[in-house]
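Please have the viewer open while I talk.

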Amino acid sequence: MSFMQSLQAAWQRNNSLVCVGLDPEPSKFPEHLRGNPDAVFEFCRAIVDATADLVCTYKPQIAHFAALRAEDALERLIAHIHDKHPGVPVILDAKRGDIGSTAQHYVSEAFDRYQADAVTLNPYLGRDSVQPFLDRADKGVILLCHTSNPGAADLQDLLVSDKNGGGKPLYQHVAQIVARDWNANGNCALVTGATWPEQLAEVRALVGDVPLLVPGIGAQGGDVEAVVRHGRSSNGSGLLISSSRAILYAGNGEDFAQAARAATLELRETINRHR
Ligand SMILES: O=c1ccn([C@@H]2O[C@H](COP(=O)(O)O)[C@@H](O)[C@H]2O)c(=O)[nH]1
């Protein structure tokens, strides 16, 4: 099954638009895991096993593993998700982007080494930097459009001129070229931050039913109701609403995974109330 088919199936099967972000931070782990040499894997595996029936995707952020020299834990974690929770796609949040020859290695990193189903990319280097990913029609290609951070406006809101002399913000141009030109294989999605609901609505209006990965609720303070109202697709779906810290660190005792489950359940219900 392709990423898009798995995503559609997971949206329906789990009645969920929740994407749980897997961002391990050992200083926030519960006491009983602290001395464990495999704590990163054990922590993330417990979260996954406690939430897999409530989510549409998982999104491990690669820097959180690489900084800890825990890339092998990330490989094992993704293998575990595929093995024990088949049908829940994994997005490698890597935000890659480079010239074509190097991009091929990033393709291999995401899809061969880590066996991810989709990867986040920075579109700033242009079409040829993304093409090797687009060519993997079975894999998801998720392009930064309007990110959730305060500095997103510094560059992404700058007006760019089109061929007819009209102007529009860069993020709208990204949304349009991805939906119109880069999505020939139907495997593209866009990152649009929850903290910018107006821009989210503008992107949705430009891209039809292209899926939107929406980080920025929970710890970053985005409003779930506004995200759903502005971002849902024509059938009340089309969103991967991502939360990491608010779910991972909902509890810090021995029952941390159950606390994460309760937080995921609550988020799923809040989202579904507004769909
Ligand atoms: O625009 C973006 C793109 C990616 N992220 C990533 O999502 C999570 C958010 O974590 P929270 O704890 O839910 O705030 C994190 O991995 C970021 O690198 C983003 O926040 N905004």
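At roughly what angle do the axes of helix H9 and helix H10 cross? Before I answer, please note that this is a predicted model, in which local features need pLDDT of at least 70 and side-chain atom pairs count only at pLDDT 80 or more, while totals for chains, interfaces and linings use all residues. Residues are numbered from 1 along each chain as its sequence is written. Helices (H or I, at least four residues) and strands (E, at least two) are DSSP runs, numbered from the N terminus.

The axes of H9, residues 197–207, and H10, residues 224–231, cross at roughly 20° and come within 8 Å; axes here are lines fitted to C-alpha atoms, for helices over the stretch in contact, with angles running from 0 to 180 degrees between N-to-C directions. The two helices are therefore roughly parallel to each other, a term for angles under 35 degrees, with over 145 counting as roughly antiparallel, 65 to 115 as roughly perpendicular and the rest as oblique. From H9, Pro197, Leu200, Ala201 and Arg204 meet Ala226, Val227, His230 and Gly231 of H10, contact being defined as C-beta atoms, placed from the backbone, within 7 Å. By class, the residues of this contact of H9 with H10 are five nonpolar, two polar and one charged, where Ala, Val, Leu, Ile, Met, Phe, Trp, Tyr, Cys and Pro count as nonpolar, Asp, Glu, Lys and Arg as charged, and the others, Gly among them, as polar.

H9 also packs against helix H8, residues 170–182, at an angle of about 30° and with the axes 9 Å apart, so H8 and H9 are likewise roughly parallel to each other. On the H8 side the contact involves Tyr171, Gln172, Ala175, Gln176 and Ala179, and on the H9 side Gln199, Glu202, Val203, Leu206 and Val207. These residues of the contact of H8 with H9 divide into six nonpolar, three polar and one charged.

Which residues of H8 are buried? They are Tyr171, Gln172, His173, Val174, Ala175 and Val178, where buried means 20 or more other C-beta atoms within 10 Å of a residue's own, exposed means 12 or fewer, and partly exposed lies in between, with C-beta atoms placed from the backbone. Among the elements covering these buried residues are strand S5 (140–146), strand S8 (188–192) and H9.

Now to single residues. Val119, in strand S4 (residues 118–121), is buried, because 26 other C-beta atoms lie within 10 Å. Its C-alpha lies 5.3 Å from that of Ile91, although Val119 and Ile91 are 28 residues apart in sequence. Phe43, in helix H2 (residues 39–51), counts as buried with 25 C-beta neighbours inside 10 Å, and its C-alpha is separated by 35 Å from that of Arg204, which is 161 residues away along the chain.

For the backbone, Lys95 in strand S3 (residues 91–96) has a positive phi of about 50° although it is not a glycine, and Lys95 is partly exposed, with 17 other C-beta atoms within 10 Å. Gln115, in the loop between helix H5 (100–113) and S4, likewise has a positive phi, of about 60°, without being a glycine.

Conventions
Two residues are in contact if their C-beta atoms, placed from the backbone, lie within 7 Å.
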